[in-house]
Amino acid sequence: PATAVTGTVKNSHVSAMASRCRLTARFHRVHGTNVRLDTSRTRATRVESFANGLCFSQEPLAPGQIFLVEIEEKELGWCGHLRVGLTAHDPQSLEVVPEYSLPDLVNMGDTWVFAITRSHNRVTEDGEEARVRVQGSPWEPFLLIERVKIPRDTLVGRSRPRRYSHILDDLYKMNVLPATARRSRIGVLYAPQPDGTANMHIVINGEDMGPSARRLPTTRPLYAVVDVFASTKSVRVIPVEYGFPSLQTLCRLVIQKHIVHRLAIDGLDLPPPLKSFCKHE
């Protein structure tokens, strides 16, 4: 009976998290002056200049809830890339949305934002250079961040399978699509700690970059920050379903693990919709 109750509580927590993620997987109505949102508020595009591209999550994040975006468009001619993080400032309370997340919003306090580059520095407790932690096989269905368990498949950005896509297959299998590339997926979350604070984690294409900031206060709601800056022109919010991976997803993982490259999927005796799903289109 105790086990059954525990299982029921866990399932309820997963269902509640999934429901919350669906509701909050959109941008706040308050944003930078150069940002245009689509009608669903799931796509943010910077229409002018390289700045004033600041966006926020619609609602504060729950502990362990990831706010995930995919880079949809790039713009040549600018230096710098997407910036993500967390803030304790309610966007609705801002008299003016800052021009930049770094340093403007950060200088307001209670804000932690990092610029995304091809390699993101991990931060350790004593400030020394961190060793790369083992992330687990890219074929494992879940990514474990401290006590937070997230379905990995949605987190991973994929290049579109085209004529020469097999050249990228080694990268595809290793989940190392460049962090600043189109279709790359970048998320931010906070993991509660025993002392009542939290660590902020940035996830890039299914890989946890480690604690990017430590001892964040959890006494105030924390909103996700997404700065559509410089060479990043447009991003889209990706809803993350918390729960058990579907049979379809598990089949895709097995198929992808054993093929030579994605073009080989076309030669398999599979229904066309499943082939498309396996290519992650």
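Reader: Which residues is Asn52 in contact with, leaving aside its neighbours within four places in sequence?

Author: With those neighbours left out, Asn52 is in contact with Gly32, Thr33, Asn34, Val35, Pro98 and Glu99, where contact means that heavy atoms lie within 4.5 Å. Please keep in mind that this is a predicted model, in which local features need pLDDT of at least 70 and side-chain atom pairs count only at pLDDT 80 or more, while totals for chains, interfaces and linings use all residues. Residues are numbered from 1 along each chain as its sequence is written, and side-chain values use heavy atoms, with hydrogens and water left out.

Reader: Why is Asn52 called buried?

Author: A residue is buried under 20% relative accessible area, exposed over 50%, and partly exposed in between, as found with a 1.4 Å probe on protein chains only. Asn52 has a relative accessible area of 17%, so the residue counts as buried. Its place is the loop between β2 (43-46) and β3 (54-56), and strands such as these are DSSP runs of E with at least two residues, whereas helices are runs of H or I with at least four, each kind numbered from the N terminus.

Reader: What makes Gln92 exposed?

Author: The relative accessible area of Gln92 is 56%, and therefore Gln92 counts as exposed. Gln92 sits in the loop between β5 and α2 (101-107), and, its neighbours within four places in sequence aside, the residue is in contact with His28 and Val30. Gln92 and His28 are 64 residues apart in sequence, while their C-alpha atoms are 8.7 Å apart in space.

Reader: How many disulfides does the structure hold, and how do you know that?

Author: A disulfide is a pair of cysteine sulfur atoms within 2.5 Å, and the structure holds 0 of them. As for individual cysteines, Cys55 is called buried because its relative accessible area is 1%, whereas Cys79, at 72% relative accessibility, counts as exposed.

Reader: Which side chain is joined to that of Thr111, and what makes this a polar contact?

Author: The side chains of Thr111 and Thr87 are joined at 2.8 Å. A polar contact is a pair of N or O atoms within 3.5 Å, in which, within protein, one must be able to donate a hydrogen and the other to accept it, and residues adjacent in sequence count only if both atoms are side-chain atoms. Thr111 belongs to strand β6 (residues 111-115) and, with a relative accessible area of 6%, is buried.

Reader: What makes the largest nonpolar core a core, and how many residues does it have?

Author: A nonpolar core is a set of buried Ala, Val, Leu, Ile, Met, Phe, Trp, Tyr and Cys residues joined through side-chain atoms within 4.5 Å. The largest such set has 32 residues, and those with the most contacts inside it are Phe27, Phe67, Leu86, Ile202, Val226 and Val235. The largest share of this core, 4 residues, comes from β10. Another core lies apart from it and has 13 residues, including Leu143, Ala191, Ile238 and Val240.

Reader: How do you know that β4 and β9 pair?

Author: Two strands pair if DSSP finds at least two bridges between them, and β4 and β9 have 4 bridges, in the antiparallel sense. As one example, Leu68 has Gly187 in β9 as its bridge partner. Both strands belong to an open, antiparallel sheet of 7 strands in the order β1-β2-β13-β4-β9-β10-β11.

Reader: Why do β1 and β11 stand at the edges?

Author: β1 (35-37) and β11 each have a single partner strand, so one side of each is left without a neighbour in the sheet.
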